[in-house]
Structures are given as structure tokens and as C-alpha cells.
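Thank you all for coming. Please have a look at the model on the screen, and then I will walk you through a few of its features.

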Amino acid sequence: MASLVATSAFAERGTDGVVNILSWQAPSMMNPYLSGGEKEADAASLVLEPLASYDEDGELFPRLAAIIPTIENGGVSKDLKSIIWKLKPDLKWSDGTPVTTKDVIFTANYCMDPKGGCAALARFQGVDKVEALDPLTVKVTFKAPTAIPYTLFVSMWSPIIQAKQFADCLGEKASTCTEANFNPIGTGPFVVAKFRPNDAILFKANPNYRDPNKPAFAGINFKGGGDAMGAARAVLQTGEYDYAGMLQVAPDVLGKMDKAGKGKVLLALGTNVETLFMNLTDPSPDLPPEERSTAKHPHPILGDIRVRKALSMALDRQRLSDIGYGSMAKPTCDWVPAPANFAAGNTGCLKQDIPGAQKLLEEAGWKLGSDGFREKAGKKLKLTFVTTTNAVRNQFQAIIKQWWHDIGVDVELKSLDGSIFFGTDPSISDTYQKFYADVEMWTNYSDSPDPGSYVATYTCNQIPRPDNQWQGFNVPRYCDKEYDALVTELGKTADVEKRGEMVKELNTMLTDSDTIMPLVWRSSPAAISNTLGGYVSSWDSRFSNAQDWYRKK
């Protein structure tokens, strides 16, 4: 990734009016700890900040921290069992109160509470204790040597929250703190002025932001809803908005919009992989809600690896890539496609094999009926396939349904608004983490150049369940002791080459199980107005440098 627009100095805070952002996947809250959704973490990053983030080159840089701790500067212990973070002096929350290590320690306790349903819990794995050495210095001690200690308090997924505001929001109370979850007090360049879930957010410049001349914008009008096509059009053709991201729009259509002259398309080929997720547990509505999609009940069809493998064999990933993304993507068998030293480079899934898939289903006992669909012991081979409402994804659904029909599988397609599918309300049954369907399709990615914390999201303890408020990224409910053991070993391994080999093995273990089926390694298109200056892409939030944005004159 690279800087896209040169930054520019400006005179004082709030002199450039309002910047308009359109997010077709509308945020449902402003607390990334209670959401596994990128749409919430991105929006919240305008208010909440971590100790450090990754820049456009994948390098760590300090945010609330004074420096990045390393072994060389004494911040990371030589035995790799602790890391010491020092806060910048005189930091203030947006309410004017000082930021101290009390807030950092509280953030750790908040996420590590087993009843809190913290979506970022994987980042806190292996932590023994978090303690203050003085009001600006905090020490994290790990239970075992930890090669990459930059997980907790790093990136938009693990920001610091104010201890005072969230004091009564620990454990089971976390999801009940509406005011704090919708209107968090932060240290970032903006604060929430008005929040309407799944609709719109009004931000205003933080009066206590640490740089008195920033941000240049007095506020942000953050509008949610609609679709990717409309979002792209609103920036590139009509000029109503300054920025729109996650633009899954056919490449030829996006190219035509780019020529309208109002803005430009930004492409970043990071680690985004459009993926099919197989539910290994039973989502049947006949089961009690607290038992649906839990390990207590294996999936009656997809529990058989032969069925999953046949579904994968029926796919033509090259065709999907060509139709959906053109030159902006490539087909892949890996869910960790980059950086190069971590990419396994598997290619076995790229050749479509319809006859082979049919034969495998026959061997698994699924016989073809007179209606063209298979059945076994009186049960039809029927699957519900859900994704978000999006032109590219819905086209993928239709194509995949035909391929699966060709091997005798009956498929019911379901499309949901992204705000619901990636939503956070535990009372809603259609969220991707509850997975009340058989197959899901969406994009997942590593937010760090080192995918250690990313591969850890498929360990057994990361399965979303009723007792953890349906949080966790292991939505297929994959659980393998050998996988977990290798993740643990990875956490102790500092050698880059060895880490690469371990990640490749983890990648292959998961894909060989056909629990997840990588389809397309794709770029993540965004659109930016010609008048918005200072925007820089990064490995972190899309808005990680919002304090430097300005209006071009």
C-alpha cells in the first residue's frame, strides 16, 4: 500500500467545513470490542485510538504511545515475556480529563472478562497481567514467551476506552451500556455529536485533540445504507460525498464512473479474500435458539468432509474472479495470500471438476433423485446460502448455485443488508456470527503484515456461542487440537522464516478441511473526491489519518 495524496499544512482546527463519508454498510454501534464488523471498527476509529497502528507500508507507528517498544530500546524483554508501553504526556480525553495507564489497564480487563463477549479477545490471549509502573507507563506480562507482542492495544480493533465511562460496563453488562457504546469518549480527532444506529453519524472536531491545529474539518457527515453501486456513484459521478469504501462493483462499471471527473478510484491489494464459509454445526430452527449453530449439534450434511470437498471441486474460481473483479483480483486457494513469506501458494482448488464432485457425493451416499437433486436416508441435499446485498456477491451466488445444481445440490439463496448481516444486536438472528444458515460468503483479511493474530481467530475458543454473546471470528465452528497447538507454538516463535512456514501450514490445514473455501484475492476499491486532501491508505482503519485531511482549495 502507498500514500495516495500528499498531506498539506493548514492554519487551524475546523476551518475546512464538513467532510462527507458514505458507508453502504452502516455502523450499528461505536464500540469495536462488541462487534466483529469492519464497519463499526472503521467508524469508531475516528474517535477511539490504540497505542499504535500500522502505516501504509505495514510499519508500526505510535498513536497514544510515545514510542514503539522493541528489544533494542528495552521496551520488549529479551525473554519475550513482557512489553512496556509509555503514553505520550498530557494526553486528554475529549471530555478534557487526562488519559492514564488506568484507562489502558481497564481496557484489558474489559476485553478479558469471560462474560463480556469481547470481539477482540484473540488479541489478549496469553496475557498474564497488565499493570501500571507509573501514571504513564504500563507493563503487559505474558504467560509464555510471545514473539509478536503487538496484538493488544494495537490497530483499530483494540483501542483504549475510558475507564470512567465504561466502569459499569464489565462482563454481562457490556452490551447494555448504550450511551457508552454509541457515544464513546475518545482521544481521536473527532467526537460523536449524534448517532443513529444503522443509519447515520454526525461527528464534530474534538476540542481537546492533542494537536491544536487539527483536524482541519469541523465535522463529518457519516451516512450509512444503500449499496456499493450507489456509494461509488455518489463520490465519482455526482460529487455528493468525499469518500466511499468497500466498493464491490463490477470493474467495467467502476472504470466508467472513474472517468466522470468528480473523483478517483483507489485500489489496494492487501489480504482481502472473498470466501465461502461452511457451517460445521446444525442451524436448524427446530433446535432451541441457544443450541443452534453450536458444537453440541454437528451439521447433518456439511459435517461430512466429502460433501464439503465436492462443493469446492464444483467451483471455477478463475471465472468468478474474472466476472466479479477483472484485473483487480486473482483466484486463490489460500486465505492468507500475502505477504509473500506467509503465503502457501496452494493451487489445487483452481481447476473445476464437476464429474469428480458428482462421484464424491455418490461415494458419500448421496444418490440422485428424479428431480435432479440428491438425497440420503430420506433427507434432501439442500443448503441455504447467504451473503450481503451486493451486485457482485449476488452474481457470485447465482453462478455458484448453478454449479452446485450441476452436482445435485439444491440451494436456497438469501441476501441481507450489510448492516444486519454484520450487525451487533444479539437479538437479531441473521448475523454472520450466529450463522443460522449453511453457507456464508464475505471477505476476511489480516489487518497486520504478520498474520499471527489472524490465524488465531480459528482456534476452538474463538467460536461464537451464546455464552460469549456470539462474539468471535471462528464462524464455521472449526475446532482442531492440532491447529490450536500450532497456533500456540507460533506465538512463541520469533524467527520470521519459521513463522512463515507455520502460517502456511495453518492455512493449508484449514483449507484442506474445506471448512472455508477461499475464492478470490481481491483489491478493496474505494472512491475519493478530487477535493479531499491528505487521505492516506494503511493496513489499519480507512480513516487512520483523518486528523490530516483537508479541503483542497
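This is a predicted model: local features need pLDDT of at least 70, side-chain atom pairs count only at pLDDT 80 or more; totals for chains, interfaces and linings use all residues.

Residues are numbered from 1 along each chain as its sequence is written, and side-chain values use heavy atoms, with hydrogens and water left out.

Let me begin with the cores. A nonpolar core is a set of buried Ala, Val, Leu, Ile, Met, Phe, Trp, Tyr and Cys residues joined through side-chain atoms within 4.5 Å, where buried means under 20% relative accessible area, exposed over 50% and partly exposed in between, with a 1.4 Å probe and protein chains only. The largest such core has 70 residues, and Trp85 and Phe203 are the ones that touch the most other members. Helix H2, residues 101–112, gives the most to this core, namely 6 residues; helices here are DSSP runs of H or I with at least four residues, strands are E runs of at least two, and both are numbered from the N terminus. Apart from this core lies another, of 52 residues, including Ala244 and Leu254.

Now to the helix pair. How do H5 and H6 pack? Helix H5 (residues 228–236) and helix H6 (residues 251–258) pack at an angle of about 20 degrees with their axes 9 Å apart, the axes being lines fitted to C-alpha atoms over the stretch in contact, and the angles running from 0 to 180 degrees between N-to-C directions. That makes H5 roughly parallel to H6, because angles under 35 degrees count as roughly parallel, over 145 as roughly antiparallel, 65 to 115 as roughly perpendicular and the rest as oblique. Contact means heavy atoms within 4.5 Å, and among the residues that make it are Met229 and Leu236 of H5 and Val253 and Met257 of H6.

Finally, the backbone. Most residues other than glycine have a negative phi, and most peptide bonds are trans. Tryptophan 470, however, has a positive phi of about 60 degrees, and it is buried, with a relative accessible area of 10%. Aspartate 90 also has a positive phi, of about 65 degrees, but aspartate 90 counts as exposed, at 72% relative accessibility. The peptide bond from lysine 214 to proline 215 is cis, with omega near 0 degrees.
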